[in-house]
Amino acid sequence: MRLPSSIFVSVSLFTAETTAALYLSSTYRSAGDQIWQGLTLLFTLVPSVLVQLTLTFIHRDLGRDRPLVLLLHILQLGPIVRCLEAFCIYGSVGRVEEPYVSITRKKQMPRGGQSEEVERQVGQAEGKLFTHRAAFARTSVIQAFLGSAPQLTLQLYICVLQQGLSIGRGTLMVISLLSIVYGALRCNILAIKIKYDDYEVDVRPVAYLCIFLWRSFEIATRVVVLVLFSSVLQLWVLPVVLLNFLVFFLYPWILFWQSHSPFPENIEKTLTRVGTTIVLCLLTFLYAGINMFCWSAVQVKLNDPDLINKSQNWYRMAVYYMLRFVENASLLLLWYIYKTDFYKFICAPLLVLQLLVAYAIAIFFMLVFYQFCHPCRRLFSSSMTQGLWNCSSLICLMCNSASPQNRPMGKSVLEPASSKEPTNDRAHDTASDSTDDMPNDTTYDMLNDTIYDTPNEMSNNIRGGINGDISHSVSCNA
């Protein structure tokens, strides 16, 4: 049984960030900055409350007689208690005889086109540890994107306005960045385990390193771009943020409405329709918060029983990164145009280039992860590079077809077949199979399945047919 180290890391980051935020808010209060104090506490307490509710919901403590645990959750000490409980369970393994065990079947990664199914016994203690790990994986994502991400953006914005960096603010920013990256990493691992639940997944250290570098460059670049843009155009940052948030919040609901599926009722038996709606809204709220700063590895699908899209959609990922790169470049361009005198000591073109290159490096590590380090890459229905290449080709084709200069001119139906014009390769290959046995001086009418000696003969026949149809129509009308 593995040591619950992921639980310890989650609780450590949660405790360190909360402590640093409370200390920094006290310094803001001493300095008389009530606005910064209120926002710092807001981005600390709101995700903390959501973390307590998530732990209570997953462990189903409301239906159990555990008043002390509920009291500790109200006091915002739930993660610490859960961490101690997990380590106590880990320490008791082997000392107490298991009253019963369950048998699970997992498939191994296919080798040579075949995958073997392996059975293993899971004791009661290991099942409880699995529940603890799953709960803390979800709370890490909530803490990262509903607390740490806006906290990091706020503190970096304060640094730009005050033109200084204190020790307390710098400490909180470093912890928040580590919390965001760790939450994004847990989101990737959680998505892999949900999509490939039937398989025994083993994530290697190289995969963790690729995800860490990918998410670090992506999130850091995104936060810096938003702060630079908001420092010169304060009134326009709110519409940009709200537009991004509303698009990703409403996108799963639009897909659910288009699918005409019934309202999901199997989330929790004890929940009413109103409670289920609240849970789904919170889920899409978290989904929008993740996509605000980085690509969400877990794609929400409300018409699925597990609420997760288990298919790998390369097109959606490619479109996301293309649009996000264009958005970041546009925001940086606006910052460069309207930058103030505060940035006169900074080489603005070099800073813009560095941020764009950093985002390109993030995309590079993402490609390396999915192409070489993904633990289930053998199960992909299509190659990632092939999917991204097809998506980019489709976008280029749509752009070319939309351009009026590339639209083909209309051609006469009576134009001889001997005229030189580019033809489609597939159509040419198909037609050549049926015309290879014809003489070179004949012409084939594919519409009427008739062979003519010369192109003029075919053209005269078509004109005669058209005139005959017209004469017949006139005589019938008469």
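Predicted model: local features only at pLDDT ≥ 70, side-chain atom pairs only at ≥ 80, totals over all residues.
When I say two residues are in contact, or meet, I mean they have heavy atoms within 4.5 Å.

Residues are numbered from 1 along each chain as its sequence is written, and side-chain values use heavy atoms, with hydrogens and water left out.

First, the overview. The protein has 14 helices and four strands; those are DSSP runs numbered from the N terminus, H or I with at least four residues for helices, E with at least two for strands. Of its 478 residues, 40% are buried, meaning under 20% relative accessible area with a 1.4 Å probe, protein chains only.

Now, helix 10, residues 314–338, and helix 11, residues 348–373. Their axes are 10 Å apart and the packing angle is about 170°. Axes here are lines fitted to C-alpha atoms over the stretch in contact, and angles between N-to-C directions run from 0 to 180 degrees. Which residues of helix 10 meet helix 11? Among them are Trp314, Tyr321, Phe325 and Trp335, and on the helix 11 side the list includes Leu351, Leu355, Tyr359 and Tyr370.

On to helix 2, residues 34–59. With 26 residues at 1.5 Å each, helix 2 should span 38 Å, and its end C-alpha atoms are 37 Å apart, which agrees; the expected span is 1.5 Å times one less than the number of residues. Its buried residues include Trp36, Thr40, Pro47 and His59, and the buried set packs against helix 1, helix 3, helix 4 and helix 5. Just past helix 2, Arg60 has a positive phi of about 55°.

The unreviewed UniProt entry annotates "transmembrane region" at several stretches, including 36–58 and 235–256; positions follow the numbering used here, feature names are shortened, and annotations may be inferred rather than shown by experiment. In the model, residues 36–58 are 100% helix, and 235–256 is 100% helix with end C-alpha atoms 34 Å apart.

Last stop: Ser230, in helix 7. Buried or exposed? Ser230 counts as buried, because its relative accessibility is 9%. Beyond its neighbours within four places in sequence, Ser230 contacts Tyr157 and Val237.

Notes:
Buried < 20%, exposed > 50% of the residue type's maximum accessible area, 1.4 Å probe, protein only.
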